[in-house]
Amino acid sequence: MKKLYERGKLVVSPVLSRYFPEFEVKKGSGCYLFGTDNKKYLDFSAGIAVCSTGHCHARVVAAAKKQLGNLIHICIGVANYDSYITLAEKLNKIVPIKNAQFFFCQSGSEAVEAAIKLARYSTKKPGLVALKGSFHGRTFGALSLTTSKMKYRDGYEPLVPNVYIAEPDLTVIEGILKNNEIAGLIFEPILGEGGYVPYPPEFILGLRQLTEKYGVLLIADEIQSGMGRTGKWFVLEHFDVTPDILCISKALASGFPLGAIAASAELMSRWSPGSHGGTFGGNPVCCAAAIATVDVMQKEKLLQNARQLGSYSKKKLAQLQKKHPIIKDIRGLGLMIGIDFKDSAAARKIIDLCLQNGLVIIPTGADGTVIRFIPPLIVKKQQIDQALKIFELALKNV
Ligand SMILES: Cc1ncc(COP(=O)(O)O)c(C=O)c1O
């Protein structure tokens, strides 16, 4: 039998970059992946910060199956259906925006597109500000805001006009907001693809103050950092900051493709019917899976688990750093932890050694020098210990 990788070479576009071109899986369950090599892997990539409830959580599977038997698709433009409305009601209770309303789409990039369209449409201003080193997605609007790797933009210009890429410096940002007609400023409270870099709380508070001062909408891209990963539903809650628009996706539906933006009913009321939409956004099955995801997060106290095991992991990693000074920095909140080696070859070697020994971890950062420590939020202490054992073995052999 030919390997999937070999078959894929003939029929899959080479545009996709792969962390592990030859890695093949046939099943996922909880924190584990099962390879076609019949090996069991601890998955600390969580499908790139998506599978917070683990792979194929029984409640999520049951909710999706039930929905599949009832209604797969109708389009919210054609008829109201329960899972769309119920999900919006549920999210309304957890987002850090009062009296929030929701627009659902299929992905993170599309949530960013929706956010910037709402910003321009509602303010009637053209300008958008994004911070240098951020990742907001790959569709043209989102790509125009993305600078985590310049490779993402190469070959695609001209991008969307009136986009200002600002150094993350409040004085520089104030200059841009003061001198231009800016609709919205978008930022990730913790840089995801940019290397798991949290901004200092004063900077985030400063962004809120400046955007208020200049009548600019503050758009929080919590696509990677949100839905409980840092121990609160959203990072901005750690700092008591309310965004004007919140972008959500990734972990929202445990792996079903779903994105969302939240904004106050007042702001949403300025978005006229028909000025945005889509065929599949808020698909019934995806929404049912998202409802089950929120229920699991609450019933199994996964935010608490993220906080407790996040501090436990950081403590253990700090001990490892003492023994292995090849680790240069450990940072993050909850179970969104970056381990920075400041050396891409070393990080790469460690990732490969970990995979050989049954641990899936993936890199991030412009040069791939950072390893993400992002297990599913259902992870247990003993699985963290197991992962750290494999990780230390790799550290010893690098
Ligand atoms: C912060 C952030 N924004 C936007 C996106 C784009 O999401 P998607 O890949 O679903 O389009 C990502 C994906 O990694 C992300 O991390």
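This is a predicted model: local features need pLDDT of at least 70, side-chain atom pairs count only at pLDDT 80 or more; totals for chains, interfaces and linings use all residues.
The protein splits into domain 1 (58–299) and domain 2 (301–398). Where the domains meet, 20 residues of domain 1 are in contact with 18 residues of domain 2. On the domain 1 side of that meeting place, you'll find seven nonpolar, nine polar and four charged residues.

Now look inside. The largest nonpolar core has 122 residues, and the ones that touch the most other members are Ala-115, Ala-260, Ile-261, Ala-262 and Leu-359. Helix H10 (residues 284–299) supplies the largest share of this core, with eleven residues. Where does this core lie relative to domain 1 and domain 2? Both domains give residues to the core, so it lies between them.

Leaving out residues up to four places away in sequence, Ile-261 touches Phe-103, Ala-111, Ala-114, Ala-115, Leu-118, Ile-245, Leu-246 and Cys-247. One of these, Ala-115, is also on the list of core residues that touch the most other members.

Next, pick out strand E7 (residues 182–187), where six of the six residues are buried. E7 pairs with two strands you can find in the model. With strand E5 (residues 127–131), E7 pairs in the parallel sense over four bridges; here Gly-127 stands opposite Ile-182 of E7. With strand E10 (residues 217–221), E7 also runs parallel, again joined by four bridges. In that pairing, Phe-187 has Ala-220 of E10 as its bridge partner. As a rule, side chains in a regular strand alternate between the two faces of the sheet.

For a contrast, find Glu-266 in helix H9 (residues 265–268). Is Glu-266 buried or exposed? Glu-266 counts as exposed, because it has 11 C-beta neighbours inside 10 Å, and the cut-off for exposed is 12 or fewer.

Finally, turn to the ligand. It is surrounded by 14 residues, and the closest are Ser-107, Gly-108, Ser-109, Gly-137 and Gln-224. Helix H5 (residues 108–123) gives the most to this shell, with three residues. Sorted by type, the shell has three nonpolar, eight polar and three charged residues.

Technical notes: Residues are numbered from 1 along each chain as its sequence is written. A residue is near a molecule or strand if its C-beta atom, placed from the backbone, lies within 6 Å of it. Ala, Val, Leu, Ile, Met, Phe, Trp, Tyr, Cys and Pro count as nonpolar, Asp, Glu, Lys and Arg as charged, and the others, Gly among them, as polar. A nonpolar core is a set of buried Ala, Val, Leu, Ile, Met, Phe, Trp, Tyr and Cys residues joined through C-beta atoms within 7 Å. A residue is buried if 20 or more other C-beta atoms lie within 10 Å of its own, exposed if 12 or fewer, and partly exposed in between; C-beta atoms are placed from the backbone. Domain bounds come from an automatic or database domain assignment. Two residues are in contact if their C-beta atoms, placed from the backbone, lie within 7 Å. Two strands pair if DSSP finds at least two bridges between them.
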